[in-house]
Amino acid sequence: MTTTVTAPGLRAARQETGLQQQRARAAFWFLAPMLLMLFFVAAWPLFRSIMFSFTDATANTIFNGQSEWVGFDNYLTWRVRDNGDIRWRGVLADPDWWNAVWNTVRFAFVSVTLETVLGLLVALVLNAEFKGRGFVRAAILIPWAIPTIVSARMWGWMLNDQFGIINDLLLQLNLIDSPIAWTARPDTAMIAVLIVDIWKTTPFMALLMLAGLQMIPRDMYESAKIDGIHPVKVFFRVTLPLLRPALMVAVIFRLLDALRIFDLIYVLTPRSEGTVTMSVLSYLNLQQFGDYGEGSAQSTLLFLIIAVFVVLYIWLGRVDLSGERS
Amino acid sequence: MIHRTKAIALRSSALAAVAALGASGAFAQGVEVTIVSGAVGAAVANFDALVKPWEERTGNDAVLVPMPASTTDQFGQYRLWLAAQNGDIDLYQTDVIWAPQLAEHFVDLMPAAQEAGLIEQNFPSIIESQTVEGQLIAIPMFTDAPALYYRTDLLEKHGASVPTTWEELQQTAQTIQDAERAEGNSEIWGFVWQGNAYEGLTCDALEWIKSNGGGQIIEPDGTISVNNEQAAAALDMAAGWVGTISPEGVLAYQEEESRGLWQTGNAVFMRNWPYAYFLSNGADSAVAGKFDVAPLPAGSGEGAQSAATLGGWNMAVSKYSANQEVAIDLALYLGSAEAQKQRALNEGNLPTIQSLYEDPEILEAYPYFARWQEVFQTAVPRPSAPTQQNYNEVSTMFFTAVHSVISGEEDAATALEDLEADLEDLLQE
């Protein structure tokens, strides 16, 4: 190949690489402040909590450096009891942790699925031309704009068994005979959390998908119409494939959010075994028990689990996050 | 949200007054000290009036930094600040159970309190709860112990007497609930309490177990005593209330939810702290003038007696404060009879100073205070002293186990056996 390159061409190529290097250098200096910032707000805290997870740090020793290295003891260790039994300890041997993992995954799967379907329906409605569309688009965002703490409190009262409006409605409609203690019963606590989360986050999904819908060229629909294609077929053959990139990105955003859910559950159903998630458990250890070793081990595992889910999702869904293929 | 009612004019006149009286020559003047405290009830509104006499006397300035009402949330934040040796906060309002956990960060107030004569004025059990290895960690400001609230009108109507055992309570509650419902009062419930999985459930369940002769979870010498038949019987008894005399929702109730049900007139009995008395007699209360309080019922086993979990708040001085002398002086003032009386009259808080229970002014405003003296006789501390740093985790394990019993997921014997093993693991590490 090199033999065919003429002298002026070579010079031009050399000049180009020089220019490219120069541009790369300039780009690096423009990015440097941001990278530095990211290092301090993301990489350093992450590194610190991974470090803490290998120590016996408590609230009293995290600042004075008196905590000791304990290896993987926070993750898994054992102790022989006086009667000869072996007791496994550490996060990986803790049934509460696996319960929290199961709760989190269950919550993330159900909530993201329902929010995607409902969000898509809402987006399709909002994409249609009708009078007062601007107003409806703004109004639908209200649940999403309310701080989670406030909506969790509000729904907590609405779901109250004695004076909650939800029970009152269901009773009046004769759907139930006696009020349901939504947030108290282990079997309904997760449903209560799901109701509030879906109510709150569907607008966000709808908005992301609406943006995707508006990118689809109108003339595709027009030609489909001229060809007399059934609208349902148009949806599955035209709308959905073209919406896919936006849909996949929306789902990954929500999935990341759902896997680290904390505030809604901490306020609505504190300490209910049926809803406690990985973040809630880690918070309890860090903030309330002052057990930074175990709490950090849980945070680290949470980080790894989320990473695994995201990698799987990108790989299976072949999501194009870098935008190179489009 | 920092409260400052200080006008410069006020401070200078106060300084002049101090100079004229020569009252506190030893202390620095014009110093600003900060107090951090949970914002509960009337505490924030009353703060400026409460510290005003001290500010005028010393020429210093007290600033309140309000925090969330939940004691567990406060605790997490305070511990971080203290571990980081933060000097921004001079005084901490501390819960009765925190002293052993935070002792190393607070100034020993024993010499100052002795000099001011506060030790002998207070209830000895309360001073004891704030003493760790001979050091007074915090000065008591007010105390708390729950009681059984009952509807005088309903008990009279159905010819029932005030129950003294849990069994009687269960029967009376069931009888009145059934009779009232038969008359068309479909929303009435027999007994409301706090069944949510949180620190409050530790208090409720400790009372059931202790009053049934089942010990106090972990004894003062550190023995884990919770796995015994009487304790299991007490929890099974409480589990039997859910869905019969108590609504199922009680499993998610904290203090305010139970008060909500009670204050709308829909409960015959309620277990709650003294603050509810004040509010239940308010103008918007459906039960105003129709209720009274009694000590909580006793169980039936050996050593059964009424038991009330000890609550209460105290004032501690941070070791990292730059103005320790002024802060100690303020803590002494806040624990003094003068300040406790002001707080009793304006916030309805129970004093820790014994003589105030005979103070005519207080008794005239709050005749029910006299009744709480009886409740204090049976006060039982939570096991914060023998568990120290681990108290929060112990309490969480305990209320989680109790919650699984009262919500019917486990029977009490199994739950307590597992709890015992978990507590051993935690405390014998």
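Predicted model: local features only at pLDDT ≥ 70, side-chain atom pairs only at ≥ 80, totals over all residues.
Mentor: Residues are numbered from 1 along each chain as its sequence is written, while chains are lettered from A and ligands numbered from 1 in the order in which they are written.

Trainee: How many residues of helix α8 of chain A are buried?

Mentor: A residue is buried if 20 or more other C-beta atoms, placed from the backbone, lie within 10 Å of its own, exposed if 12 or fewer, and partly exposed in between. In α8 (residues 218–226) of chain A, 0 of the 9 residues are buried, so the helix lies largely in the open.

Trainee: How many residues of chain B are in contact with chain A?

Mentor: Two residues are in contact if their C-beta atoms, placed from the backbone, lie within 7 Å. Here 21 residues of chain B are in contact with 22 residues of chain A, and α3(B) gives the most to the chain B side, with 5 residues.

Trainee: At what angle do the axes of α19(B) and α20(B) cross?

Mentor: Axes are lines fitted to C-alpha atoms, for helices over the stretch in contact, and angles run from 0 to 180 degrees between N-to-C directions. The axes of α19(B) and α20(B) come within 9 Å and cross at roughly 165°, which makes the two helices roughly antiparallel (over 145 degrees).

Methods. Helix = DSSP H or I, 4+ residues; strand = E, 2+ residues; numbered from the N terminus. Parallel < 35°, antiparallel > 145°, perpendicular 65-115°, else oblique.
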